[in-house]
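I opened this notebook to keep track of what I looked up, entry by entry. The sequence and the model come first, and my notes follow.

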Amino acid sequence: MKKRFLRPRLGRRGRTVRNLLVCLALSLWLWSAFSYPLPTRAMNFRRLEHYFLLPQGELVFREGELFVDLGEGQAVAGWVPTRSLPTRYGVYPCNLWTCPVGEGPSPVSLADDRVLFLNLPGEAERGELTIRSGQGQQTAWAQAEENGLCDFAFDNSMEANCAFPNSRWGVEGWPYVLRLYTGDGALLLEQEGEIPLFPHRQGQP
Amino acid sequence: MERDNSKQTGWLDTAVAGIRFGPDRKAVRAELQAHLEDKAADFRRIFPDIAPEEAEARAVEEMGDAVEIGKELARLHKPWLGYLWRASKWIAILSVVLLMAINILNNDHYQSAGYPLWGGFSEVRGRTEGEKIQLGGYTFQIVGAAYLDYVQDWRGIEDRVQVYIRVSTPRFWERINEGALRSALTMTGPEGWVWSMDSGKVQTIWEEGRNELICGLQRAEWGLFHDTYVAYGDLEWTEGEPVCLEFDFGKGSFTLTVDQLERVVME
């Protein structure tokens, strides 16, 4: 007579462990189906820095989907609208760009109409930024923040410099003049330069 | 009868009172009740003249101290295990249903990346085990190098170098971003030949109606923990000349060199 192979019957503990292992495997599969989301966008920004092999510094600016962190000699800025990694179809977009930062005030582009200056001197209370773009000259004013930042927002978006077709934000590549004032209105610093072209890492295959 | 039934009921209530997980309490109570009924039936069989109420009362006495039994049952039937078992059952069912729904709606049987977990587009030529460099949790290694020699410029296709780079990481959900690798990688060769993998050069094979990449980067094969890319360069190479891959990420830079390439005659 053929001997029937009887599967050992699992007890309550065994069945619970089996179910939990199945749940773990299915959860991992589900997590991958949504491109590995993390609890917050800030965590995703940190992960994207690692993913794009960018240096990680101290987070100095955060506004909605925009992040800027400052390390040694370099800032990493990012637009991170989701909590997931970019997929091959770009369903979860993102954009990170690296900006060289010197000892003095250094610009970081945030959008087509927005520039953030880092490393402002402590005495600066107010700033005035003038950019000469292809559409003409625009000036913006802003209050300096305690952490040495100044966020300039222009009324009109700027278009990218045609001489540099790879620039991502319209402010990049254009010359600027930055004036910083103390609390009593005295001119503290005047700096001329060009908003650099920052290399962008976008969520692309 | 009612009095004896209440004695039985009282005994059962006391015995199972310590079991906090509801389904276990019901199951154990039913089993104890069955034992009580069996004992009462045994008494009626052994002593046919005994009254049914007395048989049930003696059965309760025979079962023992309800409080002591209750303590032992409470020790054996932990509530958290019961709740965990229930929860695991429902989570497993829900996960299966959710995954089925996602698969049906998306018609996507792979990761959301749109590729299977492992596979390849092309075979690695000139397999080798190069030096490993680690940066940012990723390990870079040259795993293949070949020189494709199109005999007598067969069909006008240019000779080219292929160097295969494997990038591995235990964090399978963060395999290296192809765009980041492309932007960071430059191939250099003899006589100052340089090509940045950020751009590509193709050659059109008119007879076959297709384009062939002759300078640039392409994915060759992949697994759960690694990706292998092939970097092409249309440089003039001769035996013994090294080809270098220079990596410049924001996090750091390094160079991998390959000295030996396998000459593959394409005919």
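**Terms before strands.** I count two strands as paired if DSSP finds at least two bridges between them. Helices (H or I, at least four residues) and strands (E, at least two) are DSSP runs, numbered from the N terminus.

**Ground rules.** This is a predicted model, in which local features need pLDDT of at least 70 and side-chain atom pairs count only at pLDDT 80 or more, while totals for chains, interfaces and linings use all residues. Residues are numbered from 1 along each chain as its sequence is written, chains are lettered from A and ligands numbered from 1 in the order in which they are written, and side-chain values use heavy atoms, with hydrogens and water left out.

**Confidence in chain A.** I looked up pLDDT, the predictor's confidence in each residue, from 0 to 100. Chain A has a mean of 85, and 88% of its residues reach 70 or more.

**Make-up of chain A.** I found 2 helices and 12 strands in chain A, and along the sequence the pattern is α-α-β-β-β-β-β-β-β-β-β-β-β-β. Of the 205 residues in chain A, 47% are buried, where buried means under 20% relative accessible area, exposed over 50%, and partly exposed in between (1.4 Å probe, protein chains only).

**Strands 3 and 4.** Strand 3 (residues 74–79) of chain A runs antiparallel to strand 4 of chain A, and 6 bridges join them. I noted that A:Gly78 has A:Leu96 as its bridge partner in strand 4 of chain A. In strand 4 (residues 95–100) of chain A, 5 of the 6 residues are buried, so this strand is largely enclosed by the rest of the structure. A:Arg46 belongs to helix 2 (residues 41–51) of chain A and is partly exposed, with a relative accessible area of 26%.

Which way do the side residues of strand 6 of chain A point? A:Arg114, A:Leu116 and A:Leu118 point one way and A:Val115 and A:Phe117 the other way, and all are buried. With 5 of its 5 residues buried, strand 6 (residues 114–118) of chain A is therefore largely enclosed by the rest of the structure. Strand 5 (residues 106–111) of chain A pairs with strand 6 of chain A in the antiparallel sense over 5 bridges, and a hairpin joins the two through 2 residues. Within strand 6 of chain A, A:Leu116 stands opposite A:Val108. Strand 9 (residues 150–153) of chain A also pairs with strand 6 of chain A, antiparallel and over 4 bridges, and there A:Phe117 has A:Cys150 as its bridge partner.

**An open sheet.** I then followed 4 strands of chain A that form an open sheet in the order 8-7-10-11, with antiparallel pairing. Strand 8 (136–143) and strand 11 (187–194) of chain A stand at the edges with a single partner strand each, so one side of each is left without a neighbour in the sheet. Neighbouring strands of this sheet are turned by 15° against each other on average, direction ignored. Strand 7 (residues 126–133) of chain A is joined to strand 10 of chain A by 6 bridges, and A:Ile131 stands opposite A:Tyr176 in strand 10 of chain A.

**Helices of chain B.** Buried residues in helix 2 of chain B include B:Val28, B:Leu32 and B:Leu36. Helix 3 (residues 52–63) of chain B, with 12 residues, reaches 17 Å from its first C-alpha to its last, close to the expected 16 Å. Just after helix 3 of chain B, B:Gly64 takes a positive phi of about 105°.

Terms used
Axes are lines fitted to C-alpha atoms, for helices over the stretch in contact, and angles run from 0 to 180 degrees between N-to-C directions. The expected span of a helix is 1.5 Å times one less than its number of residues.
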